[in-house]
Amino acid sequence: MERWHQQAIVYQIYPKSYCDTNGDGIGDLRGIINKLPYLQELGVNALWLSPCYPSPGDDNGYDIADYRDIGPEYGTLDDFKELLEKAKERGIRILLDLVVNHTSDEHKWFREARKSRDNPYRDYYIWRDPVDGHAPSDLKAAFGGSIWEFDETTGQYYLHLFSKKQPDLNWENPKVRREIADMINYWLDMGVAGFRCDVINNLAKDEDGNILFGDRLHSYLHQLHEEALGPHGALTIGETWGLTPAQALALTGEARGELTSTFQFEHLLLGRIDGDKWMPEPVDRTRYVDILAKWEDGLKDDSYPVLVMENHDQPRALSRFGDPENYPYESATMLGAMLYGMRGIAVIYQGQELGLPNPTFRTLDEYRDIETFNGYKELKETGLYTEQEILDRLQFGSRDCGRTPIPWATGEKGGFTTGTPWIKIQVDPGFTAEEQDKDERSVLNFYRRMLALRKSEPCLQDGEFKLLLNEGGTSVYTRTVGDEAVYVVSHFADGEAAMPACVPANGEVLLANYADRADSLRPYEVLWVKA
Ligand code: TEU
Ligand code: CA
């Protein structure tokens with residue numbers, strides 16, 4: 001694995017909600033270019049841009065109509081090349097989102113494929129005849145309804161794991177694999193440094209209907225690696241829901257010649273009854289730490305965990321796992337330092353560095369996300385909940401909780417736009433970049449100090465992970481190189497706790513979210529101690 005992969009600190013940008021510079025209420029590439037100084041000062045060294053390709057926006061850009069261009073609402077290819085260049089001047093690499101399990105139904109390939117059964121592009125997608133006049137199977141799509149959509153013109157169904165405007169590509173077809181490898185090379189030749197790979201473990205579908213980790217997944221990924229990713233030394237981070245450590249090892253590592261790394265989201269399923277995003281339950285915080293430690297222990301040598309707590313599909317971590325009402329600063333900084341002291345590729349989602357909680361959604365029409373509208377429909381159909389109970393569940397689980405624009409400055413529109421934002425923006429006192437930049441005791445300045453240490457402290461770069469303690473809300477782990485160690489001490493709870501005996505009393509405090517060092521641990525206290 002390339003050295004820079006191991007040291008990557010990736011900042012995910014949801015372009016639509018980052019910074020709007022032309023007043024249309026939609027974030028754009030020019031806005032990202034303007035924020036490069038802020039990103040460099042934060043200390044990140046790579047950006048992952050969620051899709052900003054041409055798209056009808058059915059799934060907010062994860063329905064791509066042209067893989068080789070920039071959506072006009074975001075700017076032009078020249079703007080993108082300028083971003084690449086200016087980011088590189090600041091030591092920041094750019095990763096794009098590789099969304100190749102499906103295209104938009106407005107992609108040229110699908111517009112052709114649906115014209116006739118013998119169209120040259122027909123087999124770029126997955127078509128089946130009706131079975132007894134019905135869909136070929138009764139599997140459900142992620143955004144509601146069947147995974148099969150009937151196409152009147154040719155009398156067949158096509159497969160879509162997500163919305164019916166996101167037809168799945170047929171990876172069995174060598175022409176599809178060739179097209180995607182060529183597209184990857186197009187961006188890597190331009191200077192893109194790698195990809196976050198959308199639902200990459202869905203690519204291979206087995207005849208028995210299995211759609212996760214299908215039999216031919218490894219061969220498909222190996223082909224992309226050999227023909228495109230490997231020769232460029234590209235960093236790839238696979239989005240792989242339902243992954244186990246064994247499956248992660250089988251997908252990553254130098255010798256595999258497939259992916260560099262994979263997200264694991266197991267801890268992000270906590271607080272949900274059976275993982276159902278609309279069904280809240282108390283978070284088992286001890287289990288949260290145990291899960292993170294399991295992945296640290298499961299991926300060693302040239303496989304790397306990916307350290308993540310938020311993204312554009314998740315509500316804000318502070319609202320899910322912290323205590324935004326009573327300890328916003330302490331719990332946001334504890335969640336960050338407990339995670340980013342660990343070994344792996346660090347991924348930070350836009351706004352996480354400001355310790356943003358969920359925005360408040362009061363009515364259904366304030367939402368924008370297809371998954372949320374489907375959630376509303378499914379909850380309503382149960383007949384079990386009042387309108388307000390449904391809205392409360394959407395507030396708990398909606399992806400839009402992580403998709404509202406970044407509050408750069410005080411004022412109604414938070415310095416995000418001069419126009420009308422595409423989705424509501426929440427600007428709360430103390431939660432803008434402008435205020436936090438000047439406040440030594442802000443989440444932003446804590447993140448700046450934390451990331452600088454993560455890059456400068458050898459134990460945090462190459463140190464071996466070892467969990468020493470995780471009980472009653474207190475956890476301690478070490479990162480060790482030789483006879484030096486950094487102890488990461490976290491009190492994942494309110495109230496006081498004893499300072500664990502395993503923490504060296506005379507160690508040097510590298511990072512702390514309380515101004516002084518006490519003999520005990522205070523609410524959501526976190527310490528990085530060098531000994
Ligand atoms: O997400 C994969 C996915 O399954 C998510 O929809 C996830 O299951 C859900 O949001 C968890 O609450 C990727 C993208 O990140 C997501 O934005 C897209 O909607 C999806 O794939 C289809 O491209
Ligand atoms: Ca704009």
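Reader: In which helix is the place of Val443?
Author: Helices are DSSP runs of H or I with at least four residues, strands are E runs with at least two, and both are numbered from the N terminus. Val443 sits in the run covering residues 443–456. That run is helix 15.

Reader: What kind of model is this, and how are its parts counted?
Author: Residues are numbered from 1 along each chain as its sequence is written, while chains are lettered from A and ligands numbered from 1 in the order in which they are written. Side-chain values use heavy atoms, without hydrogens and water, local features need pLDDT of at least 70, side-chain atom pairs count only at pLDDT 80 or more, totals for chains, interfaces and linings use all residues, and the model is predicted.

Reader: Is Val443 buried or exposed?
Author: Buried means under 20% relative accessible area, exposed means over 50%, and partly exposed lies in between, with a 1.4 Å probe and protein chains only. Val443 has a relative accessible area of 6%. Therefore Val443 is buried.

Reader: How many Å apart are Val443 and Gly336 in space?
Author: Take the two C-alpha atoms. In sequence, Val443 and Gly336 are 107 residues apart. In space, C-alpha to C-alpha, the distance is 9.3 Å.

Reader: How far apart are the C-alpha centres of domain 1 and domain 2?
Author: Domain bounds come from an automatic or database domain assignment. Domain 1 is 1–96 + 305–361 + 398–456, domain 2 is 108–159 and domain 3 is 464–530. Between the C-alpha centres of domain 1 and domain 2 lie 37 Å.

Reader: How many salt bridges does a search of the whole structure find?
Author: A salt bridge needs a side-chain nitrogen of Lys or Arg within 4 Å of a carboxyl oxygen of Asp or Glu. Some of them join into a network, linking Asp59, Lys277, Asp313, Asp369, Glu371, Arg399 and Arg403. The search of the whole structure gives a total of 37.

Reader: With which residue does Asp151 form a salt bridge?
Author: The closest N and O atoms of this pair are 3.1 Å apart. The pair links distant parts of the chain, 37 residues apart: Asp151 is in strand 5 (residues 148–151), its partner in the loop between helix 5 (108–113) and strand 4 (127–128). Asp151 is buried, at 3% relative accessible area. The partner is Arg114.

Reader: Is Arg114 buried, partly exposed or exposed?
Author: Its relative accessibility is 27%. So Arg114 counts as partly exposed.

Reader: Which residue forms a salt bridge with Lys530?
Author: The closest N and O atoms lie 3.4 Å apart. The two residues are 46 apart in the chain, with Lys530 in strand 18 (residues 526–530) and its partner in strand 14 (residues 484–491). Lys530 is buried, with 15% relative accessible area. The partner is Glu484.

Reader: What is the relative accessible area of Glu525?
Author: Glu525 forms a salt bridge with Arg522, with closest N and O atoms 3.0 Å apart. Arg522 counts as buried at 12%. Glu525 is buried too, with a relative accessible area of 1%.

Reader: In which helix does Asp290 lie?
Author: Asp290 counts as partly exposed because its relative accessibility is 36%. Its helix covers residues 285–298.

Reader: Is Tyr288 buried or exposed?
Author: The C-alpha atoms of Tyr288 and Pro357 are separated by 19 Å, at 69 residues apart along the chain. The relative accessible area of Tyr288 is 0%, so Tyr288 is buried.

Reader: What is the phi of Asp274?
Author: Most residues other than glycine have a negative phi. Asp274 is in the loop between strand 9 (261–262) and helix 9. Asp274 is exposed, at 81% relative accessible area. Its phi is positive although it is not a glycine, at about 50°.

Reader: Where does Asn60 lie?
Author: Asn60 is not a glycine either, and its phi is positive, near 50°. Asn60 is buried, because its relative accessible area is 10%. Asn60 lies in the loop between strand 2 (46–49) and helix 4 (77–89).
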